[in-house]
Amino acid sequence: SINESTKLTAVYSTSFRAPGTAELANTNTLKPEEHKGYEIGLQHNEKNWTARIVRFDTDTSNAISYVGGTWGSNNYENIGKSGNKGFELEANSYIGDVEVSLSHVIQDPKDGTSNTRLDRRAQTYSTIGFRGLSWGYDWTSDIIHSGDRLDGSNTLKPYTVTNLTVSKKIASNWTAKLKLENVFDEKYQL
């Protein structure tokens, strides 16, 4: 801690991801992904708000990537090494009784062999969230934005979707919930 309100953070981690069932069903020779990464961050807390910025850097060996094909063919492969580095900014505060949160990521996902941008990964993405209680209903609204993504020789366009959830406790063990995803019917492709 630098002082009562501000602290530095540092994390080094290793992990792995085993291939999923669908990945193995099509490509039974896949190896698990192995990850190494670190984060260095600065976090500041005040009475009504919190902010955090993190610098991250990860390396992956045996990265699993979708390469296309027909059902039963090798749709996935281990592409060797990949990496991702960037910054993440998070902020949280209240406007009256409404909690407002912001998250923004700037990253550089790269294929470690060809040093090109990895497919289907945006270089920027953001979320703005609102949470509150009105007339006895808990509600949340999230606005999610993703930058463009490469998909082979195609570029998938950026998109912004808005999701809304409203819930009400109707008994001690029962809650009714209504969830609307992509409220404004944004046309996009993952």
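**Surface patch and strand pairing**

In this predicted model, a nonpolar patch on the surface is formed by I2, L8, L42, I53, F87, L89, L102, I128 and I143, which together have about 750 Å² of accessible area. The points below take up I143 and its strand, and then turn to a serine in another strand.

**I143 and its setting**

- I143, one of the residues of the patch, belongs to strand β10, which covers residues 137–146.
- I143 has a relative accessible area of 30%, and it is therefore classed as partly exposed, a class that lies between the limits of 20% and 50%.

**Pairing of β10**

- Strand β9, made up of residues 124–134, pairs with β10 in the antiparallel sense over 10 bridges, and within β10 the residue standing opposite T127 is I144.
- The hairpin formed by β9 and β10 has 2 residues between the strands, and W135 in the turn shows a positive phi of about 55°.
- Strand β13, residues 159–171, also runs antiparallel to β10 and is joined to it by 9 bridges, with V166 in β13 as the bridge partner of W139.

**S82 in strand β6**

- S82 is located in strand β6, which spans residues 82–95.
- S82 counts as buried because its relative accessibility is 10%, and the limit for that class is under 20%.
- When neighbours within four places in sequence are left aside, the contacts of S82 are T58, D59, T60, A63, K110, D111, G112 and L118.

How values were computed
Residues numbered from 1 in each chain as written. Predicted model: local features only at pLDDT ≥ 70, side-chain atom pairs only at ≥ 80, totals over all residues. Heavy atoms only, no water. Patch = residues over 30% accessible without salt bridge, like charges linked within 9 Å, V, L, I, M, F, W, Y side chains within 5 Å. Areas by Shrake-Rupley, 256 points an atom, 1.4 Å probe, with all protein chains shown as cover. Salt bridge = Lys/Arg side-chain N within 4 Å of Asp/Glu carboxyl O. Helix = DSSP H or I, 4+ residues; strand = E, 2+ residues; numbered from the N terminus. Buried < 20%, exposed > 50% of the residue type's maximum accessible area, 1.4 Å probe, protein only. Pairing = 2+ DSSP bridges. Contact = heavy atoms within 4.5 Å.
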